[in-house]
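Keep the sequence and the structure in view while reading.

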Amino acid sequence: SLISFVGVDAKTDLNEIVNFKSDYRCKFSVLFSDTKSITNHERYPSYKFCKEFLEFGIQKNISTSIHLCGSVIERYLNKEPDVIDLCKNAQRIQLNLNIKEYPNHLELTERLWSVLKGYGHSIILQQNKTKEKFMKVFLEHNIFPISILYDGSGGFGREITEVHPPDEKYFTGYAGGINP
């Protein structure tokens, strides 16, 4: 079992993460978006903060991940050095794909494989109704270890309404509806 806390930001006291105790393995995650992170959006900290947080995780032996959102995913698929450098210290990378921007699912699969082959990243892909066709293509052709997150919420606080059984071939997670 693993519990992932998503939303570490500049207001987070990183020492509290170090001292956090749980009976479960925990991972702490940060969101990054090219557009939202430069506008001081409270859920999307700056590139500098994200990079420092992921380096802090390595130094303190804390499990971390980064969730890439929006246009930064295209830059990740293009292997742009600043994005690859940002991701190098994350134990896992979640790609919050807007699948409408990638109508050719086989091409997206091949581009993603190219990054995974080149850098060995451990990725998380969201599985929801909008991504069913892509995930079908991706999983039929996949040759890399990935994790699947059944995410009914998409970060909007909506409860997950349909719980699929875990896939035996992939580490499987569930998200949706967690709120204050």
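## Salt bridges

A salt bridge is a side-chain nitrogen of Lys or Arg within 4 Å of a carboxyl oxygen of Asp or Glu. Side chains of opposite charge can pair when their charged atoms come close. The model shown here is predicted, and it holds ten salt bridges.

Asp-34, Arg-75, Glu-80 and Asp-82 are linked by such bridges into a network. One of the pairs joins Asp-82 to Arg-75, with N and O 2.5 Å apart. Is Arg-75 buried or exposed? Arg-75 is buried, because its relative accessible area is 17% and buried means under 20%. Asp-82 has a relative accessible area of 34% and is partly exposed.

## Two further pairs

The side chains of Lys-11 and Glu-42 also form a salt bridge, at 3.9 Å from N to O. Lys-11 lies in the loop between β1 and α1 (14–19), and Glu-42 in the loop between α2 (34–37) and α3 (47–60), so this pair ties together parts that are 31 residues apart in sequence. Lys-11 is exposed, with a relative accessible area of 68%. Glu-42 is exposed too, at 56%.

Another salt bridge joins Lys-88 and Asp-85, whose closest N and O atoms are 2.9 Å apart. Asp-85 has a relative accessibility of 25% and counts as partly exposed.

Helix α7 covers residues 132–141, and its buried residues are Phe-134, Met-135 and Phe-138. Why do they lie on the same side of α7? They cover an arc of only 95° around the axis, and this places them on the same side of the helix. An α-helix has 3.6 residues a turn, so residues three or four places apart point the same way.

The cover over the buried residues of α7 includes α6 (105–119), β5 (123–127) and β6 (146–151). On the face turned away from the buried side, α7 carries the exposed residues Lys-133, Lys-136 and Glu-140.

## A nonpolar patch on the surface

Which residues form a nonpolar patch on the surface? The patch is made of Ile-3, Phe-5, Phe-20 and Tyr-24, which together have about 370 Å² of accessible area.

Ile-3 belongs to strand β1, which covers residues 2–6. With a relative accessible area of 33%, Ile-3 is partly exposed.

Definitions and conventions
Residues are numbered from 1 along each chain as its sequence is written. This is a predicted model: local features need pLDDT of at least 70, side-chain atom pairs count only at pLDDT 80 or more; totals for chains, interfaces and linings use all residues. Side-chain values use heavy atoms; hydrogens and water are left out. Patches are made of residues with over 30% relative accessible area and no salt bridge: like charges are joined within 9 Å, nonpolar side chains (Val, Leu, Ile, Met, Phe, Trp, Tyr) within 5 Å. Accessible areas come from the Shrake-Rupley method with a 1.4 Å probe; for residues, only the protein chains shown count as cover. Helices (H or I, at least four residues) and strands (E, at least two) are DSSP runs, numbered from the N terminus. Buried means under 20% relative accessible area, exposed over 50%, partly exposed in between (1.4 Å probe, protein chains only). The arc is that of the directions from the helix axis to the C-beta atoms. Contact means heavy atoms within 4.5 Å.
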